[in-house]
Amino acid sequence: MIDVPMPPDDPANRPHWEAARRSVLLIQRCPACGRCRFPAARSCAHCHHVGGDWIEASGLGVIESFCMFHKAYWPAFQAALPYTVIQVKLREGIRVMSNFVASPGKSPSIGLPVRARFDPVRPDLTLVRFEPHV
Amino acid sequence: MNRSEMYPPAVAGVGTTRYGRFPDLDAYDLGQWALREALDDCGLTHADLDGLIVNRIPSYGRFAELCGIDPRYTLATPGHGRFSGVCIQTAALLVSSGTVDTVALVYANDGASAGTTYGGDASGYGGAAGAYGTTDAHWAPYGMTSPGAFHALMMQRHMHLYGTTPEQLGEIAVTFRRHASLNPGAVKRQPFSLDDYLAARFICEPLRLFDYCLINDGAVAMIITSAERARDLRQPPVYIRGASQASSFTGSSFPPEDFWAAPMQAVAKDVYAMAGFGPQDMDGLMIYDNFTPTVLFTLEGFGFCPQGEGGRWIADGHLRLEGAFPANTSGGHLSESYLQGWGLNVEAVRQLRGQCGERQIRTPHAIQYMAASPVVTSVIYGRTPA
């Protein structure tokens, strides 16, 4: 998987992608109410405070759901079929979509504790994927 | 329809194109074709229209220009299936308030000929594109895309929480295909068995090929006017007894934890009160079936069965033509045609008029349309006024 589609080059999310290349998971937190959010947004959807801080997340969470793609909607994913997408809820209360990385024979399951790992997939892109956390 | 309405609304005319692949026709051609059919159905002309609501037609202005009409009210809506119910609700409100007399609602879809894949691209329909997962582009590098995958994630959780089985989902696909086999206008008419369903390839596991709706070209038009006016026209009026909407956008970048139960409960309460009917009074159901799990979530959310019991309830055969709540008698999006809710609303009207031939429900009085998504809508149609 080298030519994976790039995320939108959104200046608001650049701190997240730059930190991923240093193996750090950054998410946004509202300085007023303390709620976390991601992807980045200019204001908080809960308290409507304008502005946000980047904080380092624990990288720990649980799998809420998962699915396995048998169809490649992008040519780059053809060779990876079938591949798994997981929906993870982080300790900080936010959700992310990601991939599951584990030793052969280990499959994702709902409720499984996972931790973030950082996988460079292109020179300019490191993905935040998840592996079982025991 | 609501407490203060001056002019109770009714559906006077419906029109549909053939469904399939029409590479020589664009969305404007298809929309005009459906509109001509709808006007002919009720005996009105373009000159009688003072309202226009278009859905999935690129330019409302070009469409009106091509039709040669100058409405007093014009509205264009995005090509997300949830908007069929929104458009019908809006038309009913416009008519009932006296703002306009007669509204044409026109939907056209040239998705098959345009090569729309509903995943991966940024066409406005695929990749969820804000429809399912409002920050979807952010997750593209992880391979997450498509409304189908969004529903696959939801279904996986439903199976985990409640023990829902692939066989129970399969009953939906098998039933709607059997209904389509009785519909000469359906794109897919060859019945299949539960074994065929299970043997079909996965698209996004746990969802298989027959859990997905079709991709085809086609168009639909509806003419909504006051009940009083509709009574003077060519067809018996079908009364809009209730129409309601609720939403769940907060956190909607991700699948909803409650399978959209909260907005569905709000809409159910509202729409049954407006109509003066309860779920047990429905003679037929038209359930938005972009994917089979949506049907299951809808039945639970609107209270036809308890939360988590949808799979077992469906497996009992309630949705079959001979069952207690015949559903998607046209074959729906899964087998008749992908018309993003519009085809199901037309089917409700034709059933209440008694025009459905072999798939006719015996003497229906009330039929309910329901759509579950981040925007939930429902419309209850009746053969008699309130």
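This is a predicted model: local features need pLDDT of at least 70, side-chain atom pairs count only at pLDDT 80 or more; totals for chains, interfaces and linings use all residues.
Colleague: What box do the C-alpha atoms of chain A fill?
Modeller: Roughly 45 × 30 × 25 Å, taken along the principal axes.

Colleague: How much of chain A is buried?
Modeller: Buried residues are 33% of the 134 in chain A. Buried means 20 or more other C-beta atoms within 10 Å of the residue's own, with C-beta atoms placed from the backbone; 12 or fewer is exposed, and in between is partly exposed.

Colleague: Which secondary structure does chain A have?
Modeller: One helix and eight strands, in the order α-β-β-β-β-β-β-β-β along the sequence. These are DSSP runs numbered from the N terminus: helices are H or I with at least four residues, strands E with at least two.

Colleague: What UniProt annotation covers residues 54-119 of chain A?
Modeller: An unreviewed UniProt entry gives "domain: ChsH2 C-terminal OB-fold" for that span. UniProt positions are in the numbering used here, feature names are shortened, and annotations may be inferred rather than shown by experiment. In the model, residues 54-119 of chain A are 0% helix and 48% strand, with the end C-alpha atoms 21 Å apart.

Colleague: How is chain A divided into domains?
Modeller: Domain 1 is 8-56 and domain 2 is 58-134; the bounds come from an automatic or database domain assignment. Their C-alpha centres lie 20 Å apart. Eight residues of domain 1 of chain A are in contact with nine of domain 2 of chain A, where contact means C-beta atoms, placed from the backbone, within 7 Å. On the domain 1 side, α1 (14-21) and β2 (36-37) of chain A each give two or more residues.

Colleague: Switching to the interface, how many residues of chain A are in contact with chain B?
Modeller: 28 residues of chain A, against 28 residues of chain B. β4 (60-69), β5 (83-90), β6 (95-98) and β8 (125-132) of chain A each supply at least two residues to the chain A side. β4(A) gives the most, six residues.

Colleague: What classes do the residues on that side of chain A divide into?
Modeller: 20 nonpolar, five polar and three charged. Nonpolar covers Ala, Val, Leu, Ile, Met, Phe, Trp, Tyr, Cys and Pro; charged is Asp, Glu, Lys and Arg; the others, Gly among them, are polar.

Colleague: Which strand of chain B is joined to β4(A)?
Modeller: β5 (residues 202-205) of chain B, running antiparallel, through two bridges. Pairing needs at least two bridges found by DSSP. In β5(B), B:E205 stands opposite A:M68.

Colleague: And where do the domains of chain B run?
Modeller: Domain 1 is 1-115 + 215-235, and domain 2 is 120-212 + 243-386. Their C-alpha centres lie 23 Å apart. The contact between them takes 29 residues from domain 1 of chain B and 31 from domain 2 of chain B.

Methods: Residues are numbered from 1 along each chain as its sequence is written. Chains are lettered from A and ligands numbered from 1 in the order in which they are written. Two residues are in contact if their C-beta atoms, placed from the backbone, lie within 7 Å.
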